[in-house]
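Please look at the model below. Some questions about the terms used for it follow, each with an answer.

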Amino acid sequence: MPARSRTITSAVAVAATAVVLAGCGNSPDSGQAPAAGNDVQLVAEGKLTTCTHLPYEPFQFNDGGKIVGFDVELVDLVATKLGVTQEIIDTPFEGIQSGEDLNIGKCDVAAAAMTINDVRKQNFDFSEPYFDATQALLVKSSAGITATDAATAAQALAGKRVGVQSSTTGQEWAQENLPNSELVVFEDLGLLTTAAQTDQVDAAINDNGPLLDFAKKNPEMAVTAEFDTDEQYGIGVKKGNTAVLQAVNEAIATARTDGTYDKIYEKWFGKAPGA
Amino acid sequence: MALTRRQRARLGRGVQYAIAVAVVLLVALTADWATIGRAFFDLEVAASQFPGVIVIALRNTIVFTALGFVVALALGLVLALMRLSSVRIYRLVAGAYVEFFRGLPALLIVIAIGFGVPLAFGTILDRTVAITLALGIVGSAYIAETVRAGIQSVPRGQVEAARSLGMSPLRTMVFIVIPQAFRIVLPPLTNELILLTKDSSLAFLLGTTLEQQELAQFGRSALNQFRSLTPILVVGLCYLIITIPLSYLARRLERKYGSAGMPKGAEV
């Protein structure tokens, strides 16, 4: 091939690159949407976008084509306050708890039954606590595995396969307190509870809320221990986004005083808070 | 043992059949069919998947794949031409690109684009744009190599004939070489489309609303909701609805244009 035709090849390549790049440049820019409220900036116009990780019954789960749950109704209150509707995005939990989803503007708030802790506080800002939780132990009722605290749990679960959920405080707790157990990490709560139900693991460690709910709906399973880890859930907001954070805090405070909080709590947990 | 060659062949085949039958029997006898039936063939759960699995999940899978493939094809063509360029820097850049993206799992590329592009440019990518870009990059590295091989396999005589008829090098490339190359690479490109269809399942990493779920995530979500494996079977069948016609098409094209790539009877 003569040299000139090679230069032509290059010219075609450059031209085509330019076309492709120009095409990319025209892609819709959905960032920097205008403000919805006073000084509240939302990532998508007219919507309060929530990042969560499904399923986490009864906090958020897909119920026949609709995402419902305790967290969903709580954030709905925030959306109503801002005069917008809530849109829920289901995304892997690592992105939520690392703060990256909030940083890149995927969502305005992260509501995923998420425990407030120091590591997460460095990644994003938390609202005031809205729910008390502890770690709990889910086993087959027939297995007879019980414990009263971390030490007895370590004994009872020594040499056993214990399931945990990726990036959760339950995983951390198990890593610290169950040195002699084989930890199996699952991507979401559904896979974790199914694994415990089908004997792929001997026990599962997760927050008490969803495990108690699961045991209630599946009589062959039981929550035989809760470990008083004194955890509190908070709603995540991008660092420095005080306008949204304030709206979330005000919505929670109002709900607590006007009885809406108690009503929602009873709806999803079947009892009054603290009862 | 004095066996004739024919007897030995027959004996060998007999042993193969025996092993196959033994494996099938072993699986059939040890599997818990009642449980499998309940888990995978729950008709009630299967029925509840419709019409969502078609109008939402299958549709999204097809849209993501088609958009990704268009980007992959455009980028792949550019990269192929760069690899064949006389300009050294183009060859190096294209070579590095292909080696880099062909060597990474698609999962990493989707995460890197989903988080990296918004962080770097301070703008949120629309989800469809992000998955299109990721699939485009994954596919382009493979397509570049396929197209390059296709261009190189167009006989030199074609270029010489075009040039001697007075066509410019650019016209020769665009109207003589590339059309023939594309006919040659159609079957492997169809295979690439099948691979991209399956890679589109990684869209879940970018976060989705319920309306944005593609097949794999739709199935996983239903698996959690119903605690039944039937949705996995349903979405699996949906993937086959896409991929089996495509691989049939690839075989047809291959037969039509011959394994050497040239149309039957064409003078080389």
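**Helices and strands**

Q: At what angle do the axes of helix α10 (residues 215-226) and helix α11 (residues 230-257) of chain B cross?
A: The two axes come within 8 Å and cross at roughly 165°. Axes are lines fitted to C-alpha atoms, for helices over the stretch in contact, and angles run from 0 to 180 degrees between N-to-C directions. This is a predicted model: local features need pLDDT of at least 70, side-chain atom pairs count only at pLDDT 80 or more, and totals for chains, interfaces and linings use all residues. Residues are numbered from 1 along each chain as its sequence is written, with chains lettered from A and ligands numbered from 1 in the order in which they are written.

Q: Why is α10(B) called roughly antiparallel to α11(B)?
A: Angles over 145 degrees count as roughly antiparallel, and the crossing is at roughly 165°, so α10(B) is roughly antiparallel to α11(B).

Q: How many nonpolar, polar and charged residues has the contact of α10(B) with α11(B)?
A: There are 12 nonpolar, 1 polar and no charged residues. Gly counts as polar, while Ala, Val, Leu, Ile, Met, Phe, Trp, Tyr, Cys and Pro count as nonpolar and Asp, Glu, Lys and Arg as charged. B:Gly219 is among the α10(B) residues that meet α11(B).

Q: What makes β4 (85-90) and β6 (125-126) of chain A edge strands?
A: In chain A the order of the open sheet is β4-β1-β5-β14-β6. Each of β4(A) and β6(A) has a single partner strand, so one side of each is left without a neighbour in the sheet.

Q: In which sense do β1 (residues 47-52) of chain A and β4(A) pair?
A: They pair in the parallel sense over 6 bridges; pairing needs at least two bridges found by DSSP.

Key: Helix = DSSP H or I, 4+ residues; strand = E, 2+ residues; numbered from the N terminus. Parallel < 35°, antiparallel > 145°, perpendicular 65-115°, else oblique. Contact = placed C-beta atoms within 7 Å.
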